[in-house]
Amino acid sequence: MRRRDLLKTSGALVGAGLAGCVGGASEAGYTFMMSPSEPVEQMRAQYTPVAGYLSDELGSEVSLQYASSYSAINRALGSGNGHMAEMGPIAAALGVESENVEIVLQRRGYGSWTYSSVIVTREDSDIESLEDLRGGTLAFADMLSASGSVYPLDMLKDGGIEVGNAPKNDSGAEFDGTWSNHAAAFESMMAGQADAAGVGLFMATGDDGEYKDGVREVARRDGLARAPIVVSPELSEDEKESFVNSFVDAPEEVYHGESGNPDNDDDNLWFDAVRPASVETYESMIETARGLGIEIDLLDQTAEESAED
């Protein structure tokens, strides 16, 4: 399919809703759900070529639906009102636990299928080890962020620091914790409002891969599987296979956003390839989440807090 045709096709699909999409493809086609990880217009611009390409490959229209929360995605795919979705790894793992989603693809970003989580502090601070964070203040990304919450908490736990009810709240923890997003957590630490921050390595490093000026590493965990693409268990096995094969074989232009410009960071997707995956790909994340007592109800808690913001 030519780029012009792909965009023309997908542009007509972005605003379509969920009506009539129950189980497999109906007259209304498939619905690809986007998480609220970035503003709606930015997500639409990023995924518009994806919808157009999949529509052509699957022979049925694929519409984009911006979800209000991961909880909404979980419910929609579980009921068959949604068919495919992009999700964070922990949210997807919880969805698998509830039997509402199936992991079928893993995304590759920044040249790797895995990424890293770090706990960082300011270079001029007295903090040199995890033990030094006992009684301190820590800023995290959102509660279900693997690199910005779950793994930093696991590192603290392994370092002998009591994490209490975190990430639900900091009750019982040997630190004062706040949860927001990667950028806010990092900025809070740099401004001296928090002693340290738990974030993805990407937030603490520059384009050269080195830590930004004034930043010192306290702890690090490598090898986290990058985020998945999931499908509804209500799809037939043939539909799942067609979706997986189509996405794996997608041309490079699908990842370049609505502008079609690979240098336009505003609408380029953060990932540039996918490969088949399953729940086993994320087994270590699931075990880590279980170790922190994270359960499916946390999806609803984060949804409620997002609605209150």
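This is a predicted model: local features need pLDDT of at least 70, side-chain atom pairs count only at pLDDT 80 or more; totals for chains, interfaces and linings use all residues.
Student: What makes helix H2 (residues 40-58) bent at Tyr47?

Tutor: The bend at a residue is the angle between axes fitted to the seven residues ending there and the seven starting there. At Tyr47 that angle is about 40 degrees, and Pro49 follows within four residues. Residues are numbered from 1 along each chain as its sequence is written, and side-chain values use heavy atoms, leaving out hydrogens and water.

Student: How do you know that strands E6 and E8 pair?

Tutor: Two strands pair if DSSP finds at least two bridges between them. E6 (residues 137-140) and E8 (residues 196-200) are joined by 3 bridges and run parallel, so they qualify as a pair. Ala139 stands opposite Ala197 in E8.

Student: Why are E7 and E9 at the edges of the sheet?

Tutor: The open, mixed sheet has 5 strands in the order E7-E6-E8-E5-E9. E7 (176-179) and E9 (215-225) each have a single partner strand, so one side of each lacks a neighbour in the sheet.

Student: What makes Ile119 a contact of Leu133?

Tutor: Contact means heavy atoms within 4.5 Å. Leaving aside neighbours within four places in sequence, the residues in contact with Ile119 include Leu133, Leu156 and Ala197.

How values were computed:
Helices (H or I, at least four residues) and strands (E, at least two) are DSSP runs, numbered from the N terminus.
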